[in-house]
Amino acid sequence: MTDKAVLVIRFHPLGGEDFSVISADFEGETEALRTVARAVDERQSLVLTRARYDREADDHGVVVNLANVVSVRVSKTDSVEAGQYL
């Protein structure tokens, strides 16, 4: 089994503050983007089983309601310039 990539997923909700989740649920950026896009297209929440907010020490399950999210960035680093946008 291959190791999962640790990715920073930054959400930009409509009319709210941006927030980031650090997740190890995906093999890489492409898989993460496809999963997020599928959830948006199917009007479903994004379910992450190995995620944490703000560099918490432990992983938790996280459910993100994507109903009011206008963009998502997936990156291997937490830099403003890095990552792909959906």
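Leaving aside neighbours within four places in sequence, Asp25 is in contact, that is, with heavy atoms within 4.5 Å, with Lys4, Leu48, Thr49, Arg50 and Ala51. The structure examined here is a predicted model, in which local features need pLDDT of at least 70 and side-chain atom pairs count only at pLDDT 80 or more, while totals for chains, interfaces and linings use all residues. Residues are numbered from 1 along each chain as its sequence is written, and side-chain values use heavy atoms, with hydrogens and water left out.

Asp25 belongs to strand S2, where helices (H or I, at least four residues) and strands (E, at least two) are DSSP runs numbered from the N terminus. Asp25 is buried and yet has no salt bridge, the nearest side chain of opposite charge being that of Arg50, 6.2 Å away. In these terms, buried means under 20% relative accessible area, exposed means over 50%, and partly exposed lies in between, for a 1.4 Å probe and protein chains only. A salt bridge is a side-chain nitrogen of Lys or Arg within 4 Å of a carboxyl oxygen of Asp or Glu, and for charge Lys and Arg count as positive and Asp and Glu as negative, with His and the chain ends not counted. The side chain of Asp25 does take part in polar contacts: one of 2.7 Å joins it to the side chain of Thr49, and the backbone nitrogen of Arg50 is reached at 2.9 Å. A polar contact is a pair of N or O atoms within 3.5 Å; within protein, one must be able to donate a hydrogen and the other to accept it, and residues adjacent in sequence count only if both atoms are side-chain atoms.

The chain as a whole has one helix and six strands, which follow the pattern β-β-α-β-β-β-β along the sequence. Of its 86 residues, 38% are buried, and residues 24 or more positions apart account for 47% of the contacts with a separation of 6 or more.

Strand S1 pairs with S2 in the antiparallel sense over six bridges, two strands being counted as paired if DSSP finds at least two bridges between them. Within this pairing Leu7 stands opposite Ser23 in S2. The two strands form a hairpin with five residues between them, and Gly15 in the turn has a positive phi of about 70°. S1 also pairs with S5, again in the antiparallel sense and over six bridges; here Pro13 stands opposite Val69, and the bridge partner of His12 is Ser71. Seven of the nine residues of S1 are buried, so this strand is largely enclosed by the rest of the structure. S5 is likewise mostly covered, with six of its seven residues buried.

The largest nonpolar core contains 19 residues, of which Phe11, Leu46, Leu48, Leu66, Val72 and Val74 touch the most other members. At least two residues of this core are supplied by each of strand S1 (5–13), strand S2 (19–26), helix H1 (29–41), strand S3 (46–53), strand S4 (60–64) and strand S5 (69–75). A nonpolar core is here a set of buried Ala, Val, Leu, Ile, Met, Phe, Trp, Tyr and Cys residues joined through side-chain atoms within 4.5 Å. Leu46, in strand S3, is buried with a relative accessible area of 2%. Apart from neighbours within four places in sequence, Leu46 is in contact with Phe11, Thr35, Val36, Val62, Val63, Val64 and Leu66. Thr35 lies eleven residues from Leu46 in sequence, with the two C-alpha atoms 8.0 Å apart.

A search of the whole structure finds two salt bridges. In one, the side chains of Lys4 and Glu27 meet at 3.1 Å, N to O; this pair links distant parts of the chain, with Lys4 in the segment before S1 and Glu27 in the loop between S2 and H1, 23 residues apart. Lys4 is partly exposed at 32% relative accessible area, as is Glu27 at 39%. Arg52 forms a salt bridge with Asp59, the closest N and O atoms being 3.0 Å apart, and here Arg52 is partly exposed at 23% and Asp59 at 36%.

Arg43 has a positive phi of about 55° although it is not a glycine, and is exposed, with a relative accessible area of 77%. Most residues other than glycine have a negative phi.
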